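Please look at the sequence and the fold together before reading on. The paragraphs below go through confidence, then a sheet, then pairs of helices.

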Amino acid sequence: MITKDLHKFELESDFLPSRDQQNAIDILTKGLAEGESHQVLLGVTGSGKTFTMANIIKNFNKPTLVIAHNKTLAAQLCNEFRALFPKNRVEYFVSYYDYYQPEAYIPRTDTYIGKEIQINEEIDKLRNSATASLGERNDVIIVASVSCIYGLGAPEAYFKQSISIREGDELNRDDIIDKLVEIQYSRSEIDFKRSTFRAKGDRLEVFPAGAADKAIRIDFWGDEVEAISEFNPLTNQVIARLSHFLIFPATHYVIGHDDIASLLKKIKEDMLIQEEFFKNEGKLIEAQRIKERVNYDIEMIAQMGYCNGIENYSRYFDGRSQGEAPYTLLDYFPDDFLVFIDESHMTIPQIRGMYNGDFARKTNLVNYGFRLPAAYDNRPLKFFEFEQKIKQVISVSATPGDYELRKAKRVAEQIIRPTGLVDPEIMVRPTNGQIDDLLGEINKVVDKGGRVLITTLTIRMSEELTNYLKERKIKVEYMHNKIDTLERIEIINRLRRGDIDVIVGINLLREGLDIPEVMLVAILDADKEGFLRSRTSLIQTVGRASRNANSYVIMYADTVTKSMQEAITETNRRRKIQKDYNMLHNIIPKSIQKEIKNTLVISKKTKLEEDKLSVFEINKEIKDLYDKMNAATSTYDFEQAIIIRDRISYLRTLYNKKSRKPIN
């Protein structure tokens, strides 16, 4: 039984909540105290939603999971929470793959694709640190992507297999070494790194799986633990003397069952059933395939305690029944934890859609003898299973969806921005002559030193409009989902610097583009009802102009659709609330001043230059980038790490085109 350290969340900030923030904090904190299961924080862009969330966490004082819909947003939130809670544990939990090619089979071409992965050791360390923190203390915030709903080893086995070391304990050094090997630590006297240990005489040193630059030294006097020290493995300098330490397993897939032989027997029985099924169906190749594969895996698990793809057998080791929900990060939390779903209008649909894609891929693997049916149970949660695992949740969005609003008993609005900035005025203009009208508006904005965002419905239209504007001497670029992250960030920075004045794009202009220099957002074909012109999408797009005091929005349309009207009505409502507040407090709105950061500088070459790169040069650049990415991750600069990861992914694709061998 693990005893957790009890700490309170301590929020450190030079600012106090504004009136709107404090109202939201009070409403939502009261709802949590009264046991409300679902609430909504409706907060506009720039209103300080993260600060409100932090105050609620401090008041509620329970372990908290914050779910974001992508790694970049999760990284931003993690850094913000670390700054607000420097004395508490703020952890980062996202997929640890830099490169991931899932196992798959394509019957049409009889192509089997083996799982190919490149694990980011730093992210793996942070994942281990996150689960270890939940086992050690209660003041933990974990900021996660939707990977938090994917299968993870059983928490009971993970925590049960941890090794508790206390000063004065009667423990045999060799017994601890055997236990370390059992939980997937390896002995390494020279290359001492994460998830390894070394032993000499009466001293045992362990580098925990969740540690970055601190290892543990255990000194024995006979069979008694004489001293426990935390030290720097690079300098060997002792950092602190400890009375107690917990060593958690090196992997989340720990075989915690005492009778491994019976579990392997059950796997073999299921293999024989599946083999017989294939034979009866006349599928002799599939029968031979499943027999060879499973027997090999059984032998590896029996000898090593592990095999590649062991997660596909997780149901056996977790003691789950067929079809039962997998264990996930959510199961590592105690029963009374708090969940925030950030940008819920995007995150919830993403959570809802994860299961079906995974199931479709596994179906071919099972039907053609590459995996046992038990592989189906290594999966993300179904949406109703996710709902069952969260007891108290606050959805956060400027445009919460119907699901969140329907489930919520309380909706706290955070409309007022402390900066006084008002939502932009919206104008509707006819499509007849829209391009000439838009060209005139662009020139007006550029003359004032402002920037323009234009959103279209198709890639073709964005490219054609970009070419048209370039012919008229407008400094413009287009941006859509075929442009990688690195290039998108560079385009945004060029816009902010004034190297270009206009960006034309599609739905990429909704979330995450907070550019204070933008004075005009133009929405073409605003009356074409659909996902890109829904109420939610329109409000999010309008929000891109909410960082500048002189901004406005033009919707080009021949009719005012229901979605347009709702977006205009809601924006006008928010404008009135903010303007009344500004008048009452004599606030003059000022555009946000935001530093243009020099994001990671990676040598970019033209396509011609990159075509001339040798496989050796590509491989060398990839290795250099891995070092930079690990350095960025170790300093918690996750945004920079993600940018590097995208560059590595591009180079890997280039390498594979030029080489027949898999990349190192």
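What is the mean pLDDT of the chain, and what percentage of its residues reach 70 or more? Here pLDDT is the predictor's confidence in each residue, from 0 to 100, and the chain has a mean of 86, with 89% of its residues at 70 or more. This is a predicted model, in which local features need pLDDT of at least 70 and side-chain atom pairs count only at pLDDT 80 or more, while totals for chains, interfaces and linings use all residues. Residues are numbered from 1 along each chain as its sequence is written, and side-chain values use heavy atoms, with hydrogens and water left out.

Over residues 598–604 the pLDDT stays under 50, and the model has 16 contacts for this stretch beyond four places in sequence, where contact means heavy atoms within 4.5 Å. Where pLDDT is low, the predicted coordinates should not be read in detail.

Turn next to the sheet. Helices (H or I, at least four residues) and strands (E, at least two) are DSSP runs, numbered from the N terminus, and two strands pair if DSSP finds at least two bridges between them. Six strands form an open sheet in the order β10-β11-β12-β13-β14-β15, and their pairing is mixed. At the edges are β10 (186–187) and β15 (238–242), each of which pairs on one side only. Within this sheet, β11 (residues 196–200) pairs with β12 (residues 203–207) in the antiparallel sense over five bridges, and F197 has V206 in β12 as its bridge partner. Strand β14 (residues 224–231) also pairs with β15 in the antiparallel sense, over four bridges, and S229 stands opposite R241 in β15. The hairpin of β14 and β15 has six residues between the strands, and in it N236 takes a positive phi near 70°.

How do the helices pack? Axes are lines fitted to C-alpha atoms, for helices over the stretch in contact, and angles run from 0 to 180 degrees between N-to-C directions. Helix α2 (residues 49–60) packs with helix α3 (residues 71–84) at an angle of about 55°, their axes being 11 Å apart. That angle makes α2 oblique to α3, since angles under 35 degrees count as roughly parallel, over 145 as roughly antiparallel, 65 to 115 as roughly perpendicular and the rest as oblique. The contact is made by T50, F51, M53, A54 and I57 of α2 together with L77, E80, F81 and L84 of α3. By class, this contact of α2 with α3 has seven nonpolar, one polar and one charged residues; Ala, Val, Leu, Ile, Met, Phe, Trp, Tyr, Cys and Pro count as nonpolar, Asp, Glu, Lys and Arg as charged, and the others, Gly among them, as polar.

Further along, helix α13 (residues 434–447) and helix α14 (residues 459–471) pack at about 60°, with their axes 12 Å apart, and they are therefore oblique to each other. I435, D436, L439 and I442 of α13 make the contact with L465, Y468 and L469 of α14, and these residues divide into six nonpolar, no polar and one charged.

Finally, the axes of helix α16 (residues 535–542) and helix α17 (residues 562–584) come within 8 Å and cross at roughly 45°, which makes α16 oblique to α17. Their contact involves R535, L538, I539 and V542 of α16, and S563, M564, E566, A567, E570, T571 and R574 of α17. The residues of this contact divide into five nonpolar, two polar and four charged.
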